[in-house]
Every structure is written in structure tokens, then in C-alpha cells.
Amino acid sequence: MGIVAVGTVIALAAAIICGLVIGPTSIPTWRVVGDIFAHVGIGHDTLTSTQSTVVWTLRAPRMVIGLLAGSMLAVAGGSYQGVFRNPLADPYLLGVASGAGLGATFAIIDISHGNVTPTWTPLLAFVGALGAVTVTWLIGGRSMRANTATLILAGVAVASLLTSAQTFLLQQSSAESITLVYLWLLGTLSNAGWSTVWLVMPYVIVCIIICVGAGRALDVMSVGEEESRSLGVPVRRVRFVVIAASSLGTAAIVSAVGLIGFVGIIVPHIVRLLVGTSYRRILPISVVFGAAFLVFADTIARTVIAPSELPLGVVTALVGAPVFVIILSLRRPVAV
Amino acid sequence: MSSVEVKEISVRAGNKTLISEVTLAFEPGTWSTIIGPNGAGKTTLVETIAGLRRPSHGSVSILGEALTDMSERERALRVALVPQHPVVPSGMSVYDYVALGRVAHHGLFHSASTGDRAVVESVLERLSLVEFRERDVATLSGGERQRMVLARALTQSTMVVVLDEPITGLDLRHQMDMLELMKSEVHECGLTVVATLHDLTLAGQFADRLVLLDRGEVVLDGPAPTVIRSDELATRYGMNLRVVDVDGADVVVPVRHGDNVNGA
């Protein structure tokens, strides 16, 4: 456990440095690291003003949004796996992805018609994501007899409905909008600036704190709803709070960077294989590991075929799947 | 004051009445077992006493306080449950599993205190689980697993313990061991135990009192020997039953219809 924690923190530091150092403009690592220290008041600036702009205006916000997205998606996936006691649960389980997708499609089609500005895409994606989860909850999560299975099925129904609506919209629109929507669906950090970071950060931090704080409750809930209630856990309230926090945080991330798949499912599982089944360990480690993982993935995405970029969702799966398979074959089978 | 008071409760599921106007009181330091044929409402009754089901009418109070006025946590400090089919979360250690019983004491946002850990240790000791403490719960045998579930319930340190078919799937020796363990806890700690059991012989030997339930209603309620020897028992189960005295213990024997049984 201690080794894993130290290892993930080192991985995070390495990811942050990679995110700031690697790119088309070559800047020596020591200069970047020196400037990071200068920013926290240790030593002097070590970058020229051009280099400073490249690092702090172009690379840094992208790296930070990567950290936020990686940790939020990982912790949301881990929390969902705990709440639903289902190893296949990911942050998009209850319709966040399809709701955001439909919202973004609306906006992108309207942008290509010149009706709205590009700032509408994140807004509509956010509204769509939260709307979808709310509808799922109203259908499947409210009644006293509802269990997690009804909630998951309600999520499937809502997602199918919204996805078909999105397909219909796309089928009616131009090839150009289809390409734009498709790019958005694959997820990218390339549009992120500091304004995006400041917009998303409050949601993400609060939601991560709530999810991590629910770790002990999720541990108890691994014995099922009835037994956790008899052990004194207000199961329905915990479920509502965790789902609300995970969904809100995920919606904020998705609206900023699109649909980045695989992080929410693979990171918690890798962490679980390394530290065991307690959510008190899985969730905080997933926050750090998810952040490092996504920043590494993004560094690969933007360098492999530079100056062009690979879709981030493709990289997370391409890198994540083999890593996952290797760890899975080395360690005990997954238990949730 | 009775430790558990069940007042005129009815429990429904949809249109079906599972429990109908049941009134019972259970005293401290006693073991009461609910018996009855399948579908009589035994599990429903004990789950209602454990607070997992809400009665549509009537009320359940523990030490004078109504269950409906309690939060989940307050309830878990007063009544513990050994469920019929416990979920076994593979990957969790036996120690961590048993320590779940202390969650209601230290809360969801605090770690276990020294006192909490001492309780867990002493229960592990009493139930001979010390050697299993680091084992994955999924690797235990049936008997060890039931003991572990009982340990979790005892770790809750409640005055009332509800056992729902606690010996299902255990061999004879482990059935006896499990019930003996519980019996000594009742004597030593003055617990109130409300259990359900299918085995009438064991029910008769371990309970101070038997409550015969049929179709959601209490049909018979009294000291174990009286209920076991009542004709009503055979009628309610719809079969021939004989009670045989073996070294002073009542043994309930089922007899096939139409067979000539000598000496019964």
C-alpha cells in the first residue's frame, strides 16, 4: 500500500513534468522544473518570455485539465463500481455520455448553421449530461423498492433513447457537423485554456472530496444493501450523494473535454489489483493515478503524430488495455 | 421493560399480507425462536424486528424506543442481524469483515478507536476466529463463514440479536457449535435473541420460548417443551410428527403418512 502510494505520487510528478516539457518547442527539462519552483517562490525564473508563454499559457492549462479529468473520471468510475457493486460500472453508466453527446450535437449543428457560438457546446453538453442522469434517477432510483439493478436498467433506457435522438439529428445534418461531433465524442484536451480550468475546477474538487469521503460507506456497502442498513449505513442517502457527486463532476469534465473513455473503468481496476478491495484505499489512489494516467496519455496523443493529434480516447484505450491485461494476468482476479 | 416490543404489526408486499396483526414481547436474557412452515412469514417478522422492513400497521420498539424514530445508525446500535444469506465480499479480510460491526459506533467518517478494535479482538477470540483474521472471507468453509457473520453481529454490541436461519447449510456438529456459541452469549451478556429455525428439534432444545407462525399469524406461543409437544404443530405443518424423549431432550421426528410406526 505504502509503495503503491509513493509510486503513484512519483508517477504524477513525472506526468506533470512530461506535460510541461514535451512538445514541438524544445525546452530543457531543468529550465521547466526551475520555473515551476520559481512560481512557488523558490529561485528565479529560468525561462525566456517565449518559453514561458509556451509552458504556462499553452501546456500548463492543458496539463491541469488533464489532471482534473483523469482524477475525476477515475474516482467517479471507482465510486460507481462501489455503489453498484458491479465491476463493469463506469462514470457514463447512468446516461452522462449520451446526454452530453446529445447536448453537444445540438450545439455543434447550430454552430455550423451560425446560430450559436462555440461556447454553447460545453454548456449544452453539461445540461444534457445532468439532465440524462436526473431522468435516470427519477425513473429508477427514487421509489423505496428501487435497487441498483432498476437504476442501471433505467440508465440503459435513457442512454438508448438519447443516443437514437442524437443519431437522428446527425443523420439530418451535414457531413461537416458529423465530423465535428465525432471529434468531440472522441475527447480532446486541445481546446483547454485557463478559463476552462477555472470553470471546471470547483465542481471537480468538491465532487472528488465527496467521493473519496464516501470510501468507508462504500466498503460497508460491499455486503449489500440490506446488510449495510443493518450495520447502520443510510444506504439510500449514500447512494444518492455518491451518484450525484460522480455525475456532476463527470458532467463538468465531459462538457470541457468531450467523452474520454476507459479511464473511469480501467484506473480503479488497476488500483484495486494493486491495493486490494477497500474503497478507502482505491478511491484516493485512483485520484492520483487517474490524473497521472491521463496526462501521460495526452502527452502521447499530442506527440506521436505531431503536429497532428491522436484522439485522446483512442490513446487511453490503446495504452490502458494492455497495461490492464498485464496487471490482471499477474495478480489475483478482480473482486468488487 | 421488554427489550423488544412488537405491537399489532402487519406487513404487506403489494396486495399480499405477509404478517397480520402480530403482537409479541421479548424479554432480556431470553432466546425465542420463531418456527412455522415455509411461507409462514418468519423471515418477514425477524426482518421487521431488525428494522429492514417497515410494517404497514403497528410498531416495533427496542427498549421502549420505536424503530421508526431511529436513524439507521441508532438502530444498528440496538439491534444486530445475522442474515439468512449473507453476502460474502471476496477480497475482504475476516478482521475487516468482523470490524464492520463497529461502523455504527465510530461512524462513517472516523476510524475505529482503540476501544472498537478491542471489541473486535475479543469477539474474534471468543468465536475462535483469531487464526483466520487475515484470511480472505471468500476462502472460509461454511461453518467458519457463519461464525464470522455471527462475530460481526456480536461486534455491534447490541442488546438484541436477530438470527435468520443461522445454521442453514452447516453440518450437524457445526449447527450445534453455532447454537451453543450463541446460547452462551445469551447467558453471559444477557442478550435478547430472536431467531428463526427450520429444525424443530434444535429449535426446541435451544430456545426458551417458541412462537409458531402460520400464514402470517401467531398460532402458538409458549415455553419450548409445551409448543413442541402440541398437536397444533403437526396440524400447521400438515404432516405426522412424533416427539420422542432422548435422554431428556425432545426430538421431533417426521413420520410418513400411512406407515405403521411402532413405539411412537
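In chain B of this predicted model, strand E7 (residues 160-164) is joined to strand E8 (residues 192-196) by five bridges, and the two run parallel. To find your place in this pairing, look for Leu163(B), which stands opposite Ala195(B) in E8(B). E7(B) also pairs with strand E6 (residues 79-82) of chain B, again in parallel, through four bridges. Here Val79(B) stands opposite Val160(B) of E7(B).

How covered is E7(B)? Five of its five residues are buried. You can follow this on both faces: Val160(B), Val162(B) and Asp164(B) are buried on one side, while Val161(B) and Leu163(B) are buried on the other.

Now let's move to chain A and a pair of helices. Helix H12 (residues 263-275) packs against helix H14 (residues 312-330) in chain A at an angle of about 25°, and their axes are 10 Å apart. Because angles under 35 degrees count as roughly parallel, H12(A) is roughly parallel to H14(A). The crossing of H12(A) past H14(A) is left-handed. From H12(A), the residues that meet H14(A) include Ile266(A), Ile270(A) and Leu273(A), and their partners in H14(A) include Val323(A), Phe324(A) and Ile327(A). By class, the residues of this contact are eight nonpolar, three polar and no charged.

Finally, see where the two chains touch. On chain A, 18 residues are in contact with 20 residues of chain B. Helices H9 (215-221) and H10 (225-230) of chain A each supply at least two residues to chain A's side, and H10(A) gives the most, with four. That side of chain A holds seven nonpolar, seven polar and four charged residues.

Definitions and conventions:
Residues are numbered from 1 along each chain as its sequence is written. Chains are lettered from A and ligands numbered from 1 in the order in which they are written. This is a predicted model: local features need pLDDT of at least 70, side-chain atom pairs count only at pLDDT 80 or more; totals for chains, interfaces and linings use all residues. Axes are lines fitted to C-alpha atoms, for helices over the stretch in contact, and angles run from 0 to 180 degrees between N-to-C directions. Angles under 35 degrees count as roughly parallel, over 145 as roughly antiparallel, 65 to 115 as roughly perpendicular and the rest as oblique. A crossing is left-handed if the near helix is turned anticlockwise from the far one by less than a right angle, and right-handed if clockwise. Two residues are in contact if their C-beta atoms, placed from the backbone, lie within 7 Å. Ala, Val, Leu, Ile, Met, Phe, Trp, Tyr, Cys and Pro count as nonpolar, Asp, Glu, Lys and Arg as charged, and the others, Gly among them, as polar. A residue is buried if 20 or more other C-beta atoms lie within 10 Å of its own, exposed if 12 or fewer, and partly exposed in between; C-beta atoms are placed from the backbone. Two strands pair if DSSP finds at least two bridges between them.
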